[in-house]
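Please go through the briefing below alongside the sequence and the 3D view, which are shown first.

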2 protein chains.
Amino acid sequence: MSWYLTPADLSDLAWGASLLGAGGGGDPYLGKSLVAGALAAATATGRVQVLDPDELDDDSLVVTTGMMGAPTALVEKLPSGNEASLALRALERHLGRPVTATMPSECGGINSMVPLLAAAQLGLPVVDADGMGRAFPELQMTTFGVRGLPGSPVAVADERGSVAVVDTGSDNRHLENLVRGLAVRMGGVASTASYAMSGADVRRTAVPRTLSTATRLGRAVREANENHVDPFTMLGETLCRTVYQQGRVVFSGKVVDVDRRTSGGFVRGSAGISAVGTTSACELVFQNENLVARVDGRTVAIVPDIVTVLHAESGEPITTERLAFGQRVRVFVISAPVQLCTPEALKVFGPRVFGIDEDYRPVVPVP
Amino acid sequence: MSWYLTPADLSDLAWGASLLGAGGGGDPYLGKSLVAGALAAATATGRVQVLDPDELDDDSLVVTTGMMGAPTALVEKLPSGNEASLALRALERHLGRPVTATMPSECGGINSMVPLLAAAQLGLPVVDADGMGRAFPELQMTTFGVRGLPGSPVAVADERGSVAVVDTGSDNRHLENLVRGLAVRMGGVASTASYAMSGADVRRTAVPRTLSTATRLGRAVREANENHVDPFTMLGETLCRTVYQQGRVVFSGKVVDVDRRTSGGFVRGSAGISAVGTTSACELVFQNENLVARVDGRTVAIVPDIVTVLHAESGEPITTERLAFGQRVRVFVISAPVQLCTPEALKVFGPRVFGIDEDYRPVVPVP
């Protein structure tokens, strides 16, 4: 059931992963261009093997790779492209065992791509799964952590070749705190290798098959555009056959207001979207990712459900650091996979963790 | 030429090291109490072997241990006492070689004591030398670094048992930047093991015999007080027979103004001291350590010369975080060891590095 991801798949994956990234997880263009060159340069075949979680040996060693920090910083400080490999190798040395495969920690325009980059450079396969099924802003916000796995030890690398290995035992929140501090000092963004786990743990804790799902979602949007079909309808139909079950447009309008600040290794803020021809308005609040969408003051979608802003016509995902006045957009909401909605999971990444004084209420299906 | 430091020496060492610490390097009471208990608990004899640098084998492995951060934070967040040992062991594992001895990175009320604590706990000797011959606020400001040694890899530990190992290659400034970030996130202060070097490198780069010198200076002050002799005269006479060559009082008065703020892992500010019965005033500027002393606007001593504030009668050192309105004090200046005053050294810790737009001018001897 393993498959090979080729350069032809990269655009679809970048769009689909960015859609699932809920406005975070990094810019899809940057993610795609980072991988495209490396894939051709590092592998004779220009492709990377993608393993289904069911194919992993129980005792294999899987390590997640990705970038951490404020996406706004990444736009200005391009990575060298070797950071994730450097981090993975440092973690491997620290653990004293060879890594079997790498895996994304989250879905996102960059963070679904970085493991491909590392995999191509190091000759490893990538596991078709991740620890969020979307993107979240903090390191402890994973299904791995919800199920008791430590993120420690984490290897962190920057574009100068500096590396740190951080170990806080079972305390994933303090780990986030320390690694975030390093990411800030490394220029606002850094690459990490973390959550070393066995193949059995991947099967027990990860959201499965998100790389292939993201690729299918991106392909659906592309084909809809090529065939002059409505991409939002196509997305909804494709999502029905995934762990996400449903997705739909909850608001359409023009971006009229963006309040965005980068501090402490995050981008935080809010955006206002006005409907055209009516007085209706939608407010989005974000910390790297969109956390809540309110229409005329009423919450229509809230974390961990996935709130994404898409270009009104093409369905292209617009990440929070790219939101700008005047964009015509649709706010698209995707229901979170079931493992993100348990009471234990909501304690780690439910609305109140982000300072939103509301309970999680799953997005209502189309009547 | 090795000797044994016993509990009876601790008070003298703490005072003398704090005097050389130029207002930084940590509170001597805290340093002494940290070590006193551990020395008795960890060693059967209650003493620690102190090695002269000349006794080290060329290929022995020496690692400095100490604390890093804002001394103001340390006053409020007591260490567990095991952090430095934890950091040293983590560095040892990372290097894959057993450490032969530990050594202070600087002179100070705490940072001369922490290596004794680690040595007692781990059964290692301490080397009678350090990398500053005083205290400086930043990790790269060492005679080791001036002579080309990397501070990397550094192990950093906090009181929760978290550990990070940071490696920035030969870039000691970026190392300071990253490790400071960790110290801030660890609560403003953290313990480190760094500057792993050979015995030959210790002899080539360290300021020698500062532990024994500090102990002698502390003893001189104590004996002066016991014998009702002026401690400042005794200090001056003792310094003549050391690498410091001279020390003298440059101002006496009352602390009338302290402006102190803790941010970014440092304590920064200034203090004003007014002479009693005249209009003369002395201003001190500090970043953890006192950097410059100006009397009536004229610079009388400047970094790397050692500017310390001592209690006007007892000669007790008062660190920058303990300066307070109303204290009767003397500003005592000690000339820096020669290896701190080379052009290369001044590029690393001369006045301009601290944003002071003046050249270094050695303190003038008593006429």
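**Contact between the chains**

The contact draws 17 residues from chain A and 17 residues from chain B, where two residues are in contact if their C-beta atoms, placed from the backbone, lie within 7 Å. This is a predicted model, in which local features need pLDDT of at least 70 and side-chain atom pairs count only at pLDDT 80 or more, while totals for chains, interfaces and linings use all residues. Residues are numbered from 1 along each chain as its sequence is written, and chains are lettered from A and ligands numbered from 1 in the order in which they are written.

*Make-up of the interface*

- On the side of chain A that touches chain B, the elements giving two or more residues are β8 (163–167) and α7 (172–185) of chain A, with helices (H or I, at least four residues) and strands (E, at least two) taken as DSSP runs, numbered from the N terminus.
- The largest share of that side, 7 residues, comes from α7(A).

*Strand pairing and symmetry*

- Strand β8(A) is joined by 5 bridges to β8 (residues 163–167) of chain B, and the two run antiparallel; strands pair if DSSP finds at least two bridges between them.
- The bridge partner of A:Val165 in β8(B) is B:Val165.
- Chain A is superposed on chain B by a rotation of 180° with 0.0 Å of shift along its axis (RMSD 0.0 Å), using least squares on the C-alpha atoms of residues with pLDDT of at least 70 in both.
- That is the relation of a two-fold axis.
- The same surface serves both copies, as 100% of the contact residues of chain A recur in chain B.
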